[in-house]
Amino acid sequence: MPAVPRTRPALRRCADAGAVALALLGAGLPATPAGTTAGGRQPDLTPFYRQQVRWTACKDVELPRDMQCGRVTVPLDYARPAGGTLDLALSRYRATGKSRGSVLLNFGGPGGSGVSQLGQDAKEFMGLTNGYDVVGFDPRGVGRSSPVTCGAGTGAAPDGTSTDEPPDAARPQALMKELKQLTLRCTRNSGPVLSHMGTVNASRDLDVIRQALGDAKLNYLGFSYGTRLGAVYAAQFPHNVGRMALDGVDTLTESLAEQGVAGARGQQTALDDFLDWCVSDLGCPFGQDRRKAGEAVVKLVRSLDEDPVPSDFGGAFTGQDLVDALGQGLYGRELWPLLERALAALIEDGDTRGVQNVASGGYALPHGHRPGGGLVDSADIPVDNLSAALMAINCADDPDRPSARRLTEDIARLDKEYQQASPVFGRFRLTQVLLCYGRPRGTDFIREKVKDVPSAPLLLVGTRGDPATPYSWTVETAKRLGPSAVVLDNRGDGHTGYTSSACVHGKVDDFLLYGTLPPDGSSCPADGDGGSVTDSSG
């Protein structure tokens, strides 16, 4: 499952998918297809397109002092814009030179807070302020923008660790019942925004933001899931596309089940690479025997699932929480030393703080939290918001809904298939797929309509060793988008390339700032290999 790229380890302020297992059922109705009303008339969106962002100093103590904050109001339901509104949180760093407008950033997830991430990783994007105001935003249902949640007591400890058992393939009927119960809890705790989640509506929000920023065209840099959002925008508003770069390209066609298997395989490959590196270091907590090291990881996960240990932040720490930490720590080689030290502390001292910091931090759900259309402070973001939003968006974007009978018949086969893909990550990934059970069918817009996009050129960056978004997805998505897609092949590894490859960083900035595109099919070498961009297109 695509996830937020990280340029450095940090105690994140939101919980990641899988960390709260079944309790992360961000359930609800599928995304309402944006467009005409039931009578075939175009809804009047004029009031939303006439607003302007009013920027002020950010009041949130979590955010840097030199960052500005604002908001944009969007319809809850684009087919019925008079039926309620949502406020979306924005943040920005102002252009230092002559500005050509704004460039919007989406860091992925889905469910990652763009407001917080821009504040954390600002230095990575300061080069773009040479020509743009650099803007982050929290999409609907995410972060400060009417955050969805499954509520307190549904499996999330205050630190984001899990308190529910993982899905049991041997008890499918009990599992189906539990999933339905959790669906109801998520719907009750999230409020009306949950039935209007999904990338189709988030794309409409992007266009309102574009207009409110005063830009004739949308300039955009999206990572991981953010590439799906960018592609949907290009299909919905092809003539409003300015300069758009998509890094860590998501699939537009594969089902969640197919994505889960691919993700498990990719993460297992990344884990194997990490262990190859780890056993060469005397400080490796798994020893120096590579085969035994692989077996030790599997045993550690299983033992923690069977007998969780107390978390240093409260609650219980399970094997699936460890899998979450492993997945995050494998996003880039620069995180490997931190992951190694964190695992050593867990194995040798029973100290969970390091691995939990690698995975993510979280907020305790305040007793006074209530769903609504206004913005919330960072302290009021529910602990499970990232995971609840991730599943709500992914399920709203996916039209596949197997029946209870079909799922009961298939769950043993799926469990075996996922375990074969990865004995470490398979169970974690299967959990994410099962969380869509009990929800209405998602939109088929992305699979059927996002293709042959007649927009301005789109720069797609694929990384060969990406554990979350395989390079094959970049190739497939480029073919689907048509002649507008230009592919940059990053020969390195890690999730996304912009923050890990100097070559990719430079090529993306050249395109966004100056409109200079690399040749389609050209490549960037892995950092450390030397050289510059190579034209391998023909």
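Predicted model: local features only at pLDDT ≥ 70, side-chain atom pairs only at ≥ 80, totals over all residues.

A: Two strands pair if DSSP finds at least two bridges between them.

Strand β5 spans residues 133–137. The strand is mostly covered, with 5 of its 5 residues buried. Its side chains point two ways. D133, V135 and F137 take one direction, while V134 and G136 take the other. Both sets are buried.

Now look at the partners. Strand β3 covers residues 85–93 and is joined to β5 by 4 bridges. These two strands run antiparallel. In this pairing, F137 of β5 has L90 opposite. Strand β4, residues 102–106, also pairs with β5 over 4 bridges, but in the parallel sense. Here V135 of β5 has L104 opposite. How does the chain get from β4 to β5? It passes through helix α2, residues 114–120, in a right-handed β-α-β crossover.

F125 lies in the loop between α2 and β5. Its relative accessible area is 2%, so F125 is buried, the cut-off being under 20%. The structure has 9 aromatic pairs, and F125 takes part in one with Y498. Their ring centres are 5.6 Å apart and their planes meet at 10°. The pair is stacked because planes under 30 degrees apart count as such. Y498 is buried too, at 1% relative accessibility.

A502 is exposed, because its relative accessible area of 59% is over 50%. C524 is 22 residues from A502 in sequence, and their C-alpha atoms are 8.9 Å apart in space.

One more aromatic pair is worth a look for contrast. W277 and W336 are tilted, with centres 5.7 Å apart and 50° between the planes. W277 lies in helix α6 and W336 in helix α9, so the pair ties together parts 59 residues apart in sequence. W277 is partly exposed at 29% relative accessible area, whereas W336 is buried at 5%.

How values were computed
Residues numbered from 1 in each chain as written. Heavy atoms only, no water. Buried < 20%, exposed > 50% of the residue type's maximum accessible area, 1.4 Å probe, protein only. Right-handed = clockwise from strand over helix to strand, strands pointing away. Phe/Tyr/Trp six-rings, centres within 6.5 Å; stacked < 30°, edge-to-face > 60°.
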